[in-house]
Every structure is written in C-alpha cells, then in structure tokens.
Amino acid sequence: MRGGTIKGVIGELLGRQIGMSNGKGGSMHIFTPSFFGGNGIVGAQVPLGAGVSFAQKYKGEKTCTFALYGDGASNQGQVFEAYNMVCVLCFIAAILQRAVSYKPVLKG
Ligand SMILES: Cc1ncc(C[n+]2csc(CCOP(=O)(O)OP(=O)(O)O)c2C)c(N)n1
C-alpha cells in the first residue's frame, strides 16, 4: 500500500474522515508519502512524476519513480513537455503508457 492503508483508501472512497484526504478528495486524491495519487487532470501525473524523479536525482536518492498514464492522456501537451524536460535536464524517468487491450463485445 506504499505507506497507506486499505482503511484509508476505502474511507476516502466513501467520503469518511478516516480517508487519506480526510474524505474530501475522493478516488483522484489518494496519497501516501511514496504514492502521489491519482489526478483530476488527465495526464498531469506525468509532469508530476517527472518532477518527483528530478527531485530524487537532485537529492542523490537511490530511488525511482514510475509515472503511468492511459491512452486518454497520450495526446496531452503536458506529457510531451514532461518528456522534453526529462531530456533537457538529463535525468531518467520511467514514464509508461498502459497497454489497452480490450475488445468490445457486441450482442444482437
Ligand atoms: C485535461 C482533462 N481533460 C478531460 C478530462 C475528463 N476526463 C476524465 S477521465 C478521462 C479519460 C482518461 O482516460 P485514460 O487517460 O486512458 O485513463 P483511464 O480512465 O482509461 O484509466 C477524461 C477525458 C480531465 N479530467 N482532464
């Protein structure tokens, strides 16, 4: 759970104070000290992840960050800007696009 608890996640989804964002953020705002949550803005997790990755390099930490995004975020300008910053500032970020493989089932 990366520092979080199941109680914190379920509490957040149900809008309870025990939730990770005191029940005020919902599914998009579940955070722990090492998990930077969902994001209400499609694709915004990528520059966020790049920033966290840069901070790790800057501080000389032996840790790494994974930023995941779906196909819906793959044409977002901020995603390409994040790639650009990663190259310009010469650090490595693991930015992964989720594979989407589902087939719609049509009945009739
Ligand atoms: C900048 C922005 N545009 C549109 C939306 C509305 N929106 C919410 S979820 C979503 C689809 C996201 O698809 P994807 O990134 O593939 O993630 P998935 O939901 O499939 O996990 C959209 C367009 C948004 N939240 N932010």
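## The ligand shell

Around the ligand sit G40, I41, V42, Y69, G70, D71, G72 and A73, where a residue counts as near if its C-beta atom, placed from the backbone, lies within 6 Å of the molecule. This shell comprises four nonpolar, three polar and one charged residues. Here Ala, Val, Leu, Ile, Met, Phe, Trp, Tyr, Cys and Pro count as nonpolar, Asp, Glu, Lys and Arg as charged, and the others, Gly among them, as polar.

## Model and confidence

This is a predicted model: local features need pLDDT of at least 70, side-chain atom pairs count only at pLDDT 80 or more, and totals for chains, interfaces and linings use all residues. Residues are numbered from 1 along each chain as its sequence is written.

The protein chain has an average pLDDT (the predictor's confidence in each residue, from 0 to 100) of 87, and 90% of the residues score at least 70. Confidence in the protein chain is highest in helix 1 (residues 6–13), with a mean of 95, and lowest in strand 2 (residues 94–97), at 76. Helices (H or I, at least four residues) and strands (E, at least two) are DSSP runs, numbered from the N terminus.

## The nonpolar core

Eight residues form the largest nonpolar core: V46, A50, A67, Y69, V79, A82, A93 and I95. Helix 2 (45–58), strand 1 (66–69) and helix 3 (77–88) each give two or more residues to this core. Such a core is a set of buried Ala, Val, Leu, Ile, Met, Phe, Trp, Tyr and Cys residues joined through C-beta atoms within 7 Å; buried means 20 or more other C-beta atoms within 10 Å of a residue's own, exposed 12 or fewer, and partly exposed in between, with C-beta atoms placed from the backbone.
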